[in-house]
Amino acid sequence: SKQIAQETFDDAVQENITEFEMDPEEAVREAVQQFESQGVDLSNIVKAVRQPASENGQKHEILLTLDSLGKAVADCDLAEMAEQLVVFADQCKEQLAFRYLAGQNGAYSVVFSACQLASGDKNLMLKAFCTLSALLDGQPDLLDSAGQDLLLQTLKEYREDGEMTLAGIRCIRHACLKHEQNRQDFVKGGVLPLLTGAIVQHGDSADVVRTASSALRVMTFDDDIRVPFGHAHDHAKMIVLENDGLRVLIEAAKAFRENSSVLSELCATLSRLSVRNEFCQEIVDLGGLNFMVALLADCIDHPDVVKQVLSAIRAVAGNDDVKDAIVNAGGTDLIVLAISHHLSNPQICEQGCAALCMLALRKPENCNVIMEGGGALAALQAMKAHPREVAVQ
């Protein structure tokens with residue numbers, strides 16, 4: 001799709017106001033309509049009128065905040081910096097277009113300097129890292145090697161502090177989504193033992209366990225379209241073989257039997273680590289299968305959890321012995337129940353059918369169990385419910 005610069009959009013809005021005497025809101029609406037009708041992608045464009053800026057014309061609000069933050073950093077005014085960090089982080093969280101515009105105007109170096117300036121003052125560091133995380137969301141290219149070093153160093157120094165650990169991991173997660181080079185750099189820098197260590201160290205903190213598990217999963221993604229192939233498989237092996245990742249995740253799950261969002265996060269990560277036959281078997285040996293089956297039964301009304309558990313069952317069923325263990329644990333009945341219960345949800349239908357498919361593969365006796373349990377009928381209902389969903393079909 002076509003792209004335009006922020007300036008082009010702002011000029012069009014200004015023209016609508018001066019030439020056609022529109023009020024600001026109408027001028028913005030008209031500009032949006034005009035560009036969208038030409039097939040322009042406006043997802044990175046701030047759709048607002050620029051604010052008057054004291055010295056040089058007009059600027060968007062987020063750039064005015066960035067100026068104030070930059071001034072506070074340059075003056076080493078820590079009180080003002082703390083205030084501006086909070087305002088700037090809130091604006092960044094509002095929408096990608098704000099973050100993008102700020103990123104194009106040097107925000108990263110200002111926020112990085114703020115992180116360095118905050119060193120030693122925990123409350124100020126938390127604000128700075130929260131701001132860095134908000135800025136990096138969807139913009140992993142902004143992070144440089146100095147930023148990577150700072151994040152790794154912070155995780156090492158503050159490994160016993162749950163809040164700082166959480167703030168650091170959030171930054172790393174945003175920096176590694178859709179960015180293969182950052183992933184490889186962080187893994188080389190030793191991030192994997194820091195992430196598994198955080199789950200062990202802060203095993204009672206739902207936020208840390210959830211976020212660290214999610215960050216581990218991101219290290220196994222292959223989602224950067226700029227590289228022909230990544231190190232997803234190698235990273236998964238390193239998490240399991242060098243960092244005891246399966247045991248860490250399954251042990252963590254035991255502390256959160258009532259917390260469905262943490263459990264579904266752990267399940268999602270386990271399914272990304274089921275890349276080898278022996279890993280699938282290890283998950284069963286460590287009690288991971290029992291916890292998944294119990295979770296599916298207990299959380300049958302929570303679609304997010306159901307989807308992740310089905311995906312994890314599908315992944316571990318790559319091992320033929322594990323297929324039998326799942327069937328013996330009553331897994332097929334629960335999968336059929338999940339499909340029937342969430343028939344309107346295409347992702348659950350897709351994952352449920354895929355899980356049944358894995359259980360049936362090379363296993364005629366499992367096919368009998370699935371047929372007797374109504375599996376074929378459930379699959380047929382799913383096909384009727386989602387005729388246009390290619391993945392379900």
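Colleague: Among contacts in the protein chain between residues at least 6 apart in sequence, what share joins residues at least 24 apart?
Modeller: The model is a predicted one, where local features need pLDDT of at least 70 and side-chain atom pairs count only at pLDDT 80 or more, while totals for chains, interfaces and linings use all residues. Numbering runs from 1 along each chain as its sequence is written, and side-chain values use heavy atoms, with hydrogens and water left out. A contact means heavy atoms within 4.5 Å. For pairs at least 6 apart in sequence, the share joining residues at least 24 apart is 69%.

Colleague: How many helices and strands does the protein chain contain?
Modeller: Both elements are DSSP runs numbered from the N terminus, with helices (H or I) of at least four residues and strands (E) of at least two. On this basis, the secondary structure of the protein chain comes to 23 helices and two strands.

Colleague: What percentage of the protein chain is buried?
Modeller: Buried means under 20% relative accessible area, exposed means over 50%, and partly exposed lies in between, using a 1.4 Å probe and protein chains only. Of the 393 residues in the protein chain, the buried ones make up 49%.

Colleague: How far apart are the C-alpha centres of domain 1 and domain 2?
Modeller: The bounds come from an automatic or database domain assignment, which gives domain 1 as 1-49 and domain 2 as 274-392. The C-alpha trace of the protein chain spans about 80 × 50 × 40 Å along its principal axes. The C-alpha centres of the two domains are separated by 48 Å.

Colleague: How many aromatic pairs does a search of the whole structure find, and which of them is tilted?
Modeller: Rings of Phe, Tyr and Trp (its six-membered ring) pair if their centres lie within 6.5 Å; planes under 30 degrees apart count as stacked, over 60 as edge-to-face and the rest as tilted. The search finds two pairs. At 6.0 Å centre to centre and 40° between the planes, the tilted pair is Phe-9 and Phe-35.

Colleague: Which helices does this pair link, and is Phe-9 buried or exposed?
Modeller: Phe-9 lies in helix H1 (residues 6-18) and Phe-35 in helix H2 (residues 24-37), 26 residues apart, and the pair thus links distant parts of the chain, H1 and H2. Phe-35 has a relative accessible area of 7% and is therefore buried. Because its relative accessibility is 0%, Phe-9 also counts as buried.

Colleague: Which aromatic pair is stacked, and in which helix do its residues lie?
Modeller: The stacked pair is Tyr-108 and Phe-112, with 6.0 Å centre to centre and 20° between the planes. Tyr-108 and Phe-112 are both buried. Four residues apart, about one turn of the helix, they both lie in helix H6.
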